[in-house]
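This report covers one protein chain.

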Amino acid sequence: DIVGVVRVEPYEKITPDAIYMIVTNDARIVKHCYIDENNPEVLWCVSPNFPSFPINRTEICAMFRVVSRIQYF
């Protein structure tokens with residue numbers, strides 16, 4: 001797939017309905033996200049195919065909201 005993205009500041013109006021691309025030093029991932037209710041420094045990454053996992057705000061190098069997608073078959 002090819003995705004179109006718009007850069008956002010990490011944690012800027014994170015919406016669980018939106019899809020985000022998160023860039024860390026180790027990975028680039030595309031997931032739904034939400035901020036942890038007990039610790040605002042933690043962002044939870046959610047996918048229907050994999051277990052949810054946390055990322056600490058300090059690990060995020062860049063964050064983008066996915067605005068379009070072209071799917072190849």
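## Surface

The protein chain exposes about 5,200 Å², by the Shrake-Rupley method with a 1.4 Å probe. Carbon and sulfur atoms supply 52% of that area. Of the 73 residues, 34% count as buried (under 20% relative accessible area, 1.4 Å probe, protein chains only).

The model is predicted: local features need pLDDT of at least 70, side-chain atom pairs count only at pLDDT 80 or more, and totals for chains, interfaces and linings use all residues. Residues are numbered from 1 along each chain as its sequence is written, and side-chain values use heavy atoms, with hydrogens and water left out.

## Fold

The protein chain has 0 helices and 6 strands (DSSP runs: H or I of at least four residues for helices, E of at least two for strands, numbered from the N terminus). The order from the N terminus is β-β-β-β-β-β. The radius of gyration is 12 Å, close to the 11 Å that the globule rule gives for 73 residues, so the chain is as compact as a globular protein of that length. That radius is taken over C-alpha atoms, and the rule is 2.2 Å times the number of residues to the power 0.38.

Among contacts (heavy atoms within 4.5 Å) between residues at least 6 apart in sequence, 54% join residues at least 24 apart.

## Largest pocket

The largest pocket has a volume of about 230 Å³, the space filled by probe spheres set on grid points joined across faces, edges and corners. A pocket is an open set of points on a 1 Å grid over the protein atoms alone, where a 1.4 Å probe fits, with protein on both sides within 12 Å along at least five of seven lines; lining residues have an atom within 4 Å of a point.

β3 (28-35), β4 (42-47) and β6 (60-70) each supply at least two lining residues. β3 gives the largest share, 3 residues.

Notes: Buried < 20%, exposed > 50% of the residue type's maximum accessible area, 1.4 Å probe, protein only.
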